[in-house]
Amino acid sequence: MIKISPSLLACDFSNIADEIRKVETAGADMLHLDVMDGHFVPNITFGAPVIKSIHKCSELPLDVHLMISEPLKYISDFVNAGADIITFHAESQSNIMKTILKIKEFGKKVGISIKPKTDTKILFPYLKYIDVVLVMTVEPGFGGQKFMENQLEKVLILKKEAQKNNLDFEIELDGGINTKTIETVKNYPVDICVSGNCIFGSEDVGSTINKLKLR
Ligand code: DX5
Ligand code: ZN
């Protein structure tokens with residue numbers, strides 16, 4: 001089974017508590033929260049105060065995806081807001097090792113994400129310290145984009161490196177995942193899939209999540 005992390009970016013924010021309940025009962029494994037600062041990516045979403053409110057509505061682990069230029073500055077804010085997994089971008093301006101250590105200091109899970117044009121190899125020195133690698137399958141910034149199949153090669157590169165060095169981080173994919181594209185994804189050793197528009201745009205969230213989950 002693949003763990004499913006619905007991206008709340010695609011939900012009805014005027015009804016967020018109901019939207020969360022809906023995916024919770026439908027079998028979501030965690031909630032994916034896309035934080036954008038209008039600088040690292042050309043879009044602005046929400047920050048720690050909104051995550052704090054979401055934390056009050058759900059028991060699910062909060063999978064926070066920071067698309068911000070200086071993640072290191074804000075780690076403690078996201079920890080206090082209730083984040084369980086904190087994923088930042090390797091392309092951000094913060095020092096990667098310092099950011100990993102900061103997240104670990106709070107006992108939270110560490111994720112690092114790479115954009116489609118970034119070489120997987122830049123992650124190699126850090127793989128032994130982290131819990132999750134988030135491979136972007138769209139350019140970060142917006143939901144509802146087309147899945148980039150050519151990014152799947154990165155999953156194999158990461159898996160090979162994990163086996164070679166006996167590492168056990170999880171591999172997460174984010175962007176353009178729906179009930180069609182998931183069929184290709186299922187041929188790869190992926191642990192977690194984010195999905196926004198496909199889940200929140202679905203009439204039957206339960207069966208959609210099941211289709212995404214089952215290998
Ligand atoms: C894109 C975000 C994604 C996005 C996924 O920058 O990181 O998490 O919300 O949405 P869909 O599944 O609609 O592509
Ligand atoms: Zn995301």
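## Buried or exposed?

A residue counts as buried under 20% relative accessible area, as exposed over 50%, and as partly exposed in between (1.4 Å probe, protein chains only). The areas come from the Shrake-Rupley method with a 1.4 Å probe, and for residues only the protein chains shown count as cover. Asn-166 is exposed, at 73%.

This is a predicted model, where local features need pLDDT of at least 70 and side-chain atom pairs count only at pLDDT 80 or more, while totals for chains, interfaces and linings use all residues. Residues are numbered from 1 along each chain as its sequence is written, chains are lettered from A and ligands numbered from 1 in the order in which they are written, and side-chain values use heavy atoms, with hydrogens and water left out.

## The zinc site

Let's look at the metal. Four residues coordinate the zinc ion (ligand 2), at 2.0 to 2.3 Å: His-32 (NE2), Asp-34 (OD), His-65 (ND1) and Asp-174 (OD). Donors here are N, O and S atoms within 2.8 Å of the metal (3.2 Å for Na, K and Ca), and sites may look incomplete because water is not among the atoms. The site has 6 donor atoms with angles of 71 to 170 degrees, and is octahedral. For six donors, that label calls for opposite donors over 155 degrees apart and all other angles between 65 and 115.

Along the chain, the donors follow the spacing H-x1-D-x30-H-x108-D. His-32 sits in strand E2 (residues 31-36) and His-65 in strand E3 (residues 62-67), so this pair ties together parts 33 residues apart in sequence. Strands (E, at least two residues) and helices (H or I, at least four) are DSSP runs, numbered from the N terminus. His-32 is buried, at 0%, and His-65 is buried too, at 0%.

## Around ligand 1

Next comes ligand 1. It is surrounded by 20 residues, and the closest are Asp-34, Gly-141, Asp-174, Gly-196 and Asn-197; to be near, a residue needs a heavy atom within 4 Å. Taken alone, ligand 1 exposes 380 Å², and the protein buries 98% of that.

## Two residues in one loop

Ser-7 is in the loop between strand E1 (3-6) and helix H1 (16-25), and is buried at 6%. Its side chain makes a polar contact with the side chain of Asp-34 (2.7 Å). A polar contact is a pair of N or O atoms within 3.5 Å; within protein, one must be able to donate a hydrogen and the other to accept it, and residues adjacent in sequence count only if both atoms are side-chain atoms.

Leu-9 also has its place in the loop between E1 and H1, and at 25% counts as partly exposed. Leaving out residues up to four places away in sequence, Leu-9 touches Asp-34, Met-36, Thr-45 and Gly-143, where contact means heavy atoms within 4.5 Å.

## Over at Asn-166

The C-alpha atoms of Leu-9 and Asn-166 are separated by 35 Å, with the two residues 157 apart along the chain. Asn-166 is in the loop between H5 and strand E7 (170-174). Most residues other than glycine have a negative phi. Asn-166 has a positive one, near 60 degrees.

Glu-161 is in helix H5 (residues 152-165), and is buried at 12%.

Note on methods. Tetrahedral: all angles 85-135°; square planar, octahedral: opposite > 155°, others 65-115°.
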